[in-house]
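Please look at the structure with me.

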Amino acid sequence: MAQQKASIPLSAAVVDAKPLRTLTPMFPAPLGLHTFTPQNSPSFVCVTPFGPHAGSTALGMPVGVPPMFAAPAAPAEPSQGQHQRVNMNGAAHANGTPINSLVTSSQTPPAAATALQTPLSAATPLQTPLSAATSEPSKRKRGRPRRVSDITVPSAPSVPPAPAIPSLSSVPSAHQEGGNVLSPTHSAATAQEGGKRKRGRPKRVQDVPVLSTPLAPQADNTPSLPAPTVPESGTRKRGRPKRFQDSSDTLTPPIHSKDNEPTFQTPATTSPESGKRKRGRPRRMPDDSVTASSVDDGTVSATKRGRPRKIDTTLLQLPSLSSDDPRESADNVLMMFDALRRRLMQLDEVKQATKQQHNLKAGSIMINAELRVNKNKQIGEVPGVEVGDMFYFRIEMCLVGLNSQSMAGIDYMSAKFGNEEDPVAISVVSAGVYDNTEDDPDVLVYTGQGLSGKDDQKLERGNLALERSLLRGNPIRVIRSVKDLTCPTGKIYIYDGLYKIKESWVEKAKSGFNVFKHKLLREPGQPDGIAMWKKTEKWRENPSSRDHVILCDISYGVESKPVCLVNEVDDEKGLIQFTYTTKLNYGNLLSSMRKMQGCKCASVCLPGDNNCSCTHRNAGDLPYSASGILVSRMPILYECNGSCTCSHNCRNRVVQKGAQIHFEVFKTGDRGWGLRSWDPIRAGTFICEYAGEIIDKNSVDGEDDYIFETPPSEQNLKWNYAPELLGEHNLSDSNETPKQLPITISAKRTGNVARFMNHSCSPNVFWQPVLYDHGDEEYPHIAFFAIKHIPPMTELTYDYGQSQGNKQLGSNSGCRKSRNCLCWSRKCRGSFG
């Protein structure tokens with residue numbers, strides 16, 4: 001079949017052209033493509049090889065390289081052909097050097113243009129983007145970006161002149177010499193999807209703007225419509241993903257032309273959602289497998305991501321948060337938080353999961369369940385929080401309303417002063433991040449917020465609030481920090497009371513940038529906060545530096561750390577004579593007690609080891625964390641014993657190692673001698689064991705004030721985590737409450753520091769039965785653990801229990817004589833023993 005011969009009329013106007021390198025990825029790198037749209041003509045593509053191999057083999061084509069294009073058909077009357085030149089701006093060699101290519105075409109009658117058809121060559125067909133006939137793409141899914149497949153568009157047959165909407169498409173042609181081919185096409189075929197993209201970095205696509213197509217008169221003088229345009233594909237830059245409109249299915253982007261202003265065409269179909277996509281997490285789109293009914297209705301069901309489901313805490317058996325005592329409510333919140341954090345840590349250790357910030361996860365659960373107090377910001381003191389209280393995590397301060405900032409150091413609020421309203425600071429945290437001056441316990445030179453290593457600090461947010469607080473003179477809560485390598489964060493936060501800003505200034509920091517400085521002075525008449533911590537640090541290093549010391553060590557070396565005897569109240573110079581011991585004397589009972597079976601662990605007992613018998617005895621979990629903190633209260637706790645093959649460093653050996661705290665026995669004002677610590681004690685820490693001798697209840701001396709018997713009133717203590725907060729089933733309270741035991745211990749003649757612990761109706765210590773040297777569950781060791789965080793120099797107390805000899809409770813069945821209670825707590829029962 002003979003080829004049809006035709007030529008395209010061209011005007012003398014300069015024709016713009018842009019590279020189409022990305023539309024033909026199969027071409028060698030030195031080659032390139034150009035498009036241009038002459039005025040008064042249909043859509044067509046100009047294929048222009050350029051670079052070092054432009055033209056035929058005579059123009060420098062390497063030997064052996066097959067021709068890429070077949071020779072174009074010669075014009076019907078060459079003598080009548082009028083050659084024109086077209087400047088191909090924008091072309092470039094492979095190395096980036098710009099060049100100007102020339103396109104030569106012949107002038108032919110317009111009627112011949114309608115019958116033009118370029119035959120396909122044997123070379124690889126040209127690849128172009130989707131035409132306007134491409135169907136609307138499916139909605140985007142979350143996750144990895146969609147792989148963009150190469151689209152191959154076959155050549156379109158000739159179309160008779162008719163008032164139809166032409167589409168821009170490229171048609172491959174053959175080229176043997178150095179000429180250029182102009183080929184108008186009217187493609188109505190749907191694009192077919194090609195091969196899959198390989199994994200890796202997304203392919204960078206160059207900008208290919210599409211020129212507007214001027215109107216061209218048809219053969220029958222029927223006005224033609226403007227051709228639909230191809231969507232512009234912008235170059236993807238590295239970094240933040242490109243922001244797309246939700247109506248990205250539109251197939252007609254704006255048209256740019258030299259002769260007219262940019263215009264926008266209304267898309268044929270629009271997305272049900274409109275507006276720009278917001279930055280952040282990609283929007284979750286429904287899957288492609290949507291039922292026909294849902295599509296016809298115009299509604300697509302998709303699971304929406306929202307906040308976690310709120311927990312109805314009224315159904316949980318939790319400590320009261322609406323108590324008349326704000327102190328009790330704050331303590332209950334912190335106790336629930338730490339119990340939840342310990343349980344999360346225990347579960348992750350069993351799963352051998354990656355280390356997580358269990359404090360943040362526990363705090364999120366607490367906040368979602370509305371288990372917190374003092375939700376509204378306030379100036380001055382916070383109900384339930386006292387000077388000297390300590391916190392191991394920032395989230396703990398958020399839960400009690402001391403400081404609502406989990407990261408920033410300055411907490412502020414907008415407050416009214418008369419008819420004016422100002423942002424003022426309400427609390428600051430000195431965590432050691434900035435260069436603060438904290439040598440004086442009553443003065444704090446606080447540095448403003450903002451990374452001073454990059455730029456000057458700005459007078460905004462917290463810095464502005466501190467500046468306004470200087471003018472308003474409002475009190476500011478100050479939280480200081482001390483180093484502690486035993487805790488995960490490496491520091492402990494101490495509430496140091498109320499301060500006021502005395503002066504502020506700007507100075508250059510070591511980085512060379514300006515920072516704000518604020519001098520805060522502590523309000524007088526407050527209890528010691530950080531000052532007490534500084535004192536106890538000196539005493540731990542040198543116990544003789546403690547004032548009013550009667551005896552430096554009443555244990556005479558029996559304890560691992562000395563126990564000081566201090567009297568700051570009266571002139572009493574010593575204690576009633578007793579023998580100091582850390583052991584429990586069973587007498588003749590030990591020989592008749594059965595022995596415990598030991599585990600077969602090689603080195604230490606590990607969490608989640610199903611072969612460890614000690615783990616099975618403790619309800620399937622090791623009772624202590626890696627740092628020796630008790631995770632949950634139990635009816636009875638089983639430690640590893642002498643029959644176990646694990647080493648002395650096993651985490652399940654805590655009580656048997658003895659106390660590891662600096663104790664001080666001190667004289668109280670109205671309750672005799674008491675016990676306190678120079679060390680901060682974390683919730684769940686083992687304090688000491690009640691040492692002494694086991695006696696018969698019937699032989700108890702009526703004057704013996706150093707008696708321990710299991711008090712029934714401690715059954716009301718809720719110290720463990722709430723299983724419902726983690727989606728677990730709450731079986732019963734039997735997994736926490738110890739049963740009443742027949743054991744009675746007397747420390748009158750022999751004992752340890754536990755004999756000096758006084759009673760309190762609001763204690764900070766609880767007792768826990770522990771077995772480690774025998775298997776008789778009726779005569780365990782009595783170990784004391786901290787209920788909550790206990791700051792240094794805070795008296796250690798536990799609940800002795802209500803006297804069974806009380807008239808309201810029946811006959812006297814206890815050993816301890818009833819006494820009037822002097823604990824002065826708001827929950828005081830009036831008597832104990």
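The charged end of Arg-342 sits over the ring of Trp-719, with 4.0 Å between that end and the ring centre. Another arginine, Arg-755, lies over the face of Phe-756, at 5.1 Å from the centre of the ring. Please bear in mind that this model is predicted.

I turn now to rings that meet rings. A pair of aromatic rings is described by the distance of the centres and the angle of the planes. How many aromatic pairs does the structure hold? There are 16 aromatic pairs. One of them joins Phe-337 and Phe-393, whose centres are 6.3 Å apart and whose planes stand at 70°, an edge-to-face arrangement. This pair links distant parts of the chain, 56 residues apart: Phe-337 belongs to helix 2, while Phe-393 lies in the loop between strand 9 and helix 4.

Next, consider Trp-539 and Trp-678. Their ring centres lie 5.6 Å apart with the planes at 55°, so this pair is tilted. Here, too, distant parts of the chain are linked: Trp-539 is in helix 6, and Trp-678 is in the loop between strand 22 and strand 23, 139 residues apart from its partner. Trp-539 is buried at 11% relative accessible area, and Trp-678 is buried at 1%.

Finally, I draw your attention to a cluster. Ring pairs link Tyr-690, Phe-708, Trp-767, Phe-784, Tyr-798, Tyr-800 and Phe-832. Thank you for your attention.

Conventions
Residues are numbered from 1 along each chain as its sequence is written. This is a predicted model: local features need pLDDT of at least 70, side-chain atom pairs count only at pLDDT 80 or more; totals for chains, interfaces and linings use all residues. Side-chain values use heavy atoms; hydrogens and water are left out. Rings of Phe, Tyr and Trp (its six-membered ring) pair if their centres lie within 6.5 Å; planes under 30 degrees apart count as stacked, over 60 as edge-to-face and the rest as tilted. Helices (H or I, at least four residues) and strands (E, at least two) are DSSP runs, numbered from the N terminus. Buried means under 20% relative accessible area, exposed over 50%, partly exposed in between (1.4 Å probe, protein chains only). A charge sits over a ring if NZ of Lys or CZ of Arg is within 6 Å of the ring centre and within 35 degrees of the ring normal.
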